[in-house]
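Biologist: I am new to this one. Please take a close look at a single part and walk me through what surrounds it.

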Amino acid sequence: MTRRALLAFMTARVRPPITVRVNAMFDAGAHGNKGLTDAERATFWRYQTQAQQEFATSGIRFEFKITEGAFIRTQGYSVIPEKFLARDMINLFVSDFLGYDVDRDRTGGASIGPRGYDRYFKTYIGLQHATERTLPHEYSHHLSLDTATNPTLGHNFWADLRNDYWLWRQRQGAAIDEFRRCAKSPWAATSLQTRLPRAASIGI
Ligand SMILES: [Zn+2]
């Protein structure tokens, strides 16, 4: 067993898994209302697989619901019609390109939490600017409760630096408890039934 696998195993043993529910929407308004291409969807799933592998190290897994037909209405600012959104999920909107009001810095991602009349947790991904680091970074803002405590945070220099450091450590195989702060979020659930066997049984 490699050191990385061993660390991941021990992490899973002592920390009950947290399931994060995601309501994924693929922009039906992209490419003149033709929606995202198969290649774009495949790119997104590659990023999601990467994110799942990274957060599995901290005992976090993802459960997906796909909501077809969603789009962004631009009325001076970008808004997703409420019928596509879910209160008890992270609402993940995937497009080819994001409006400047959502992604001013062209990082390919933005995350916001509930504020005022808007009660939803949201992440926007713009595939033209996103990289394989973008989706884990955006999830980190929800998981570390950045979007719950400072819903309009967007990209805050210090939060970005701190989260990227935690993500880096997680990629080295370290479980990050700060990402497990989300356990009581409306879109998260903790499961006690699926713990792995005790470490002693494999002779560590
Ligand atoms: Zn950020």
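Modeller: Start at Ala-24. Its bridge partner in strand 5 is Leu-92. This is a predicted model, so read each contact as a computed one. Strand 5 covers residues 90-95, and strand 1 pairs with strand 5 in the parallel sense. Five bridges hold that pairing.

Now look across to strand 2. Here Ala-24 stands opposite Ile-66. Ala-24 therefore has a partner in strand 5 and one in strand 2, as strands count as paired when DSSP finds at least two bridges between them. Strand 2 spans residues 60-67. Strand 1 and strand 2 also run parallel, and eight bridges link them.

Next, move to Ile-18. Its bridge partner is Thr-190, in strand 8. Strand 8 takes in residues 188-190.

What about cover? Strand 1 spans residues 18-26 and is mostly covered. Seven of its nine residues are buried. A residue counts as buried because 20 or more other C-beta atoms lie within 10 Å of its own.

Finish with Ile-18 and Thr-190.

Technical notes:
Residues are numbered from 1 along each chain as its sequence is written. This is a predicted model: local features need pLDDT of at least 70, side-chain atom pairs count only at pLDDT 80 or more; totals for chains, interfaces and linings use all residues. A residue is buried if 20 or more other C-beta atoms lie within 10 Å of its own, exposed if 12 or fewer, and partly exposed in between; C-beta atoms are placed from the backbone. Helices (H or I, at least four residues) and strands (E, at least two) are DSSP runs, numbered from the N terminus.
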